[in-house]
Amino acid sequence: MKLGPGPTGARQPNMLINQQSPASQEARVAIEPGFSWDAQHAYLFDIDGTLLRSRDRVHFNSFASSVQRVTGFEITLAGILLHGATDTAILREACLQAGIPAEVMEQRTEAILEAMRNAVAEQRFRLDLVRMPGVEKVLHYLAGKGALLGVATGNLEAIGWIKIEQAGLREWFRFGGFSDHFSIRPEIIGHAARKARELAGKEATVCVVGDTPRDIEAARANFLPVIAVATGKYSFDELQKLQPEACASSLADLLALTRTAS
Ligand SMILES: [Mg+2]
């Protein structure tokens, strides 16, 4: 199925490709005119839904087990939007939802976060992670073009790096932005972009890569371009509606387009 022309005045993607991917899902890519997705100086990759997905519940369960261990209160993540959210914001929302008093949270949040880091570290070999299609090829391709690669994620730093290591991707990343000190994603992205420019030069172009509307919003809030990949919870159409500079059904499909076009 080809995308038809958009409404008058809408920005038009300049490339569309339709082919069968191995999973027999339709491969789709749309790129804004003038945007070179593979010619940015630095990239900030989201982790969950973008680089990998978890088939285990180690990280998920660490919220409730850590709150229980540190405060004795029971929490649940039911009803909380997790996709594109940050660990620190999820924790706060779950604790509010459970009616944990503000003064308890004020005093115990750091201890809970530390218990979460420890819980995931202790169970790192139980993580069951799957790399998203084309991830390693894209990292290899961009690094080969001289790009600086970092992660920018709502995970706590220790947890994010454990996932990256367990997925066998650690060698590609030089720096990261995490939620330990920032509970909202635009601040994580802003912080990571500053780090990228410290390393790559203050005029460096920095591009966000993510799988949710929150990644796109966080990039926009920092005036950064964004590559959206529909490998998480959101479909190509849902992401493309928000007009990212590039949108792809997967990183593998994005790379396949480039190789087809070059
Ligand atoms: Mg994500």
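Two residues are in contact here if their C-beta atoms, placed from the backbone, lie within 7 Å. By that rule, Ile-189 touches Leu-44, Ala-152, Gly-177, Val-208, Ala-218, Ala-219, Asn-222 and Leu-224, leaving out residues up to four places away in sequence.

Some housekeeping. This is a predicted model: local features need pLDDT of at least 70, side-chain atom pairs count only at pLDDT 80 or more, and totals for chains, interfaces and linings use all residues. Residues are numbered from 1 along each chain as its sequence is written.

The protein has nine helices and 11 strands. Helices (H or I, at least four residues) and strands (E, at least two) are DSSP runs, numbered from the N terminus. Of the 262 residues, 45% are buried, meaning that 20 or more other C-beta atoms lie within 10 Å of the residue's own, again placed from the backbone.

Now the sheet. Seven strands form an open sheet in the order S3-S11-S10-S9-S4-S7-S8, with mixed pairing; two strands pair if DSSP finds at least two bridges between them. Strand S3 (29-31) and strand S8 (175-177) are at the edges with a single partner strand each, so one side of each has no neighbour in the sheet.

Which strands does S4 join by four bridges each? They are S7 (residues 148-152), parallel to S4, and S9 (residues 206-210), also parallel to S4. Leu-44 has Gly-150 as its bridge partner in S7 and Val-208 in S9. Both faces of S4 (residues 42-45) are covered: Ala-42 and Leu-44 are buried on one side, Tyr-43 and Phe-45 on the other.

Of its 76 residues, Tyr-43, Leu-44, Ile-189, Val-208 and Leu-251 touch the most other members. This core draws at least three residues from each of domain 1 (19-54 + 129-261) and domain 2 (58-126); the domain bounds come from an automatic or database assignment.

Last, helix H2 (residues 87-97). Its buried residues include Asp-87, Thr-88, Ile-90, Leu-91, Ala-94 and Cys-95. These cover an arc of only 160 degrees around the axis, which puts them on the same side of H2; the arc is taken from the directions from the helix axis to the C-beta atoms. The buried residues of H2 pack against helix H1 (58-71) and helix H3 (102-122). Just after H2, Gly-99 has a positive phi of about 75 degrees.

Note on methods: A residue is buried if 20 or more other C-beta atoms lie within 10 Å of its own, exposed if 12 or fewer, and partly exposed in between; C-beta atoms are placed from the backbone. A nonpolar core is a set of buried Ala, Val, Leu, Ile, Met, Phe, Trp, Tyr and Cys residues joined through C-beta atoms within 7 Å.
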